Amino acid sequence: KLSNRLKQAVEFIPKGAVIADIGSDHAYLPCYAYEMGYIKGAVAGEITDGPFQSALNQVKNLELNEKISVRKGNGLEVISKGEVDCVVIAGMGGALITNILEEGKHKLEGVTRLVLQPNIGARNVRKWLINNDWELKGEHILEEDGHIYEVLMAERGNPMAPYGDALEKGLLLGPFLREEKNETFVKKWIHEESHLERIIKQLEKSTLTQENLKRKGEMEQDLKSIREVL
Ligand code: SAM
């Protein structure tokens, strides 16, 4: 059974696409998406030997070798230009996801959709999308096993379109999530609010270097955005 987190990612894949799932681990996502009839085929990329072997085994056990190509390599280097329509990167930090996208930019030429699930640091991912002319088109937020996850979907277009005149708030909170404001979203940001309050208090007790002052200012700005939405 696939986690709800990955199911929500699958929901954002265009029907009939060929996908690349980068950092696929057990290749659960592409196997599920293929078996459910969502995709025509997939490349499952892995950089680490253990997860790469798990992906190979999973695909072999389900007899999907002809549909799902498991490849070992760093990020987008495992795909060739024009090979896939959609790239999925799930279950990593936002900084790692943006590194993979940035390093492999030239491979994204024929790609029409990105499905990204940062465990933390979704703001980095939204910023990267803006800087690279990808328009955020949809967002999910969900809670599973005590964690709250965000899933982002983007296509080429007008990268500023979803933000209106609230760029900073949108980058932090997610323009669609902020609009929808469901229970999980509220829970996440109530939690983040007290987390930030604690860090700011601690910073106030330490020597206020330039660096600390800057961090404090940024966190206070975030706190303001959070309080406005709650
Ligand atoms: N995508 C799966 C999911 O969401 O459940 C697996 C997530 S797992 C926590 C992250 C995986 O990404 C690990 O198996 C790791 O080896 C792989 N990974 C990390 N950096 C990578 C890179 N630059 N290229 C390919 N795979 C990478």
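**Entry 1: Phe12**

I began with Phe12 and looked for its contacts beyond four places away in sequence: I found that Phe12 touches Val115, Gly138, Val151 and Met153. A note to myself before going on: this is a predicted model.

Next I looked up where Phe12 sits, and I found Phe12 in the loop between helix 1 (4–11) and strand 1 (17–22). Is Phe12 buried or exposed? I got 21 other C-beta atoms within 10 Å of Phe12; the cut-off for buried is 20 or more, so I wrote Phe12 down as buried. I also checked Phe12 against Glu109, which is 97 residues apart from Phe12 along the chain, and the C-alpha atoms of the two are separated by 19 Å.

**Entry 2**

Val115 and Met153 had come up as contacts of Phe12, and I wanted to see how they relate to each other. The bridge partner of Val115 in strand 7 turned out to be Met153. I then looked at the strands themselves: strand 5 (residues 113–118) pairs with strand 7 (residues 147–156) in the antiparallel sense, over 4 bridges.

How many bridges link strand 6 and strand 7? I noted 10 bridges, again with the antiparallel sense, for strand 6 (residues 134–144) and strand 7. For a pair to look at, I picked Glu139, which stands opposite Leu152 in strand 7. Strand 6 and strand 7 form a hairpin, and I found 2 residues between them. In that turn, Asp145 has a positive phi of about 50°.

**Entry 3: strands 1 and 2**

I went back towards the start of the chain. Strand 1 and strand 2 run parallel, and 6 bridges join them. Ala17 stands opposite Ile39 in strand 2. I then checked burial along strand 2 (residues 39–46): 6 of its 8 residues are buried, so I put strand 2 down as largely enclosed by the rest of the structure.

**Entry 4: Lys188**

I looked up Lys188 and found it in helix 8. Which residues does Lys188 touch, leaving out those up to four places away in sequence? I got Ile141 and Ile148. Lys188 has 20 C-beta neighbours inside 10 Å, so I marked Lys188 as buried. His147 was my next check: Lys188 and His147 are 41 residues apart in sequence, and I read 9.3 Å between their C-alpha atoms.

**Entry 5: helices 8 and 9**

I noted the crossing of helix 8 and helix 9 as left-handed. Among the contact residues I listed Trp189, Leu196 and Ile200 from helix 8, and Arg215, Met219 and Leu223 from helix 9. Sorted by class, the contact of helix 8 with helix 9 has 9 nonpolar, 1 polar and 7 charged residues.

**Entry 6: helices 4 and 5**

My last stop was helix 4 (residues 94–103) with helix 5 (residues 122–131), which pack at an angle of about 25° with axes 7 Å apart. So helix 4 is roughly parallel to helix 5. I wrote down a right-handed crossing for helix 4 and helix 5. On the helix 4 side I found Gly94, Ala95, Ile97, Thr98, Leu101 and Glu102, and these meet Ala122, Arg123, Asn124, Val125 and Trp128 in helix 5. By class, the residues of this contact divide into 6 nonpolar, 3 polar and 2 charged.

Note on methods:
Residues are numbered from 1 along each chain as its sequence is written. This is a predicted model: local features need pLDDT of at least 70, side-chain atom pairs count only at pLDDT 80 or more; totals for chains, interfaces and linings use all residues. Axes are lines fitted to C-alpha atoms, for helices over the stretch in contact, and angles run from 0 to 180 degrees between N-to-C directions. Angles under 35 degrees count as roughly parallel, over 145 as roughly antiparallel, 65 to 115 as roughly perpendicular and the rest as oblique. A crossing is left-handed if the near helix is turned anticlockwise from the far one by less than a right angle, and right-handed if clockwise. Two residues are in contact if their C-beta atoms, placed from the backbone, lie within 7 Å. Ala, Val, Leu, Ile, Met, Phe, Trp, Tyr, Cys and Pro count as nonpolar, Asp, Glu, Lys and Arg as charged, and the others, Gly among them, as polar. A residue is buried if 20 or more other C-beta atoms lie within 10 Å of its own, exposed if 12 or fewer, and partly exposed in between; C-beta atoms are placed from the backbone. Two strands pair if DSSP finds at least two bridges between them.
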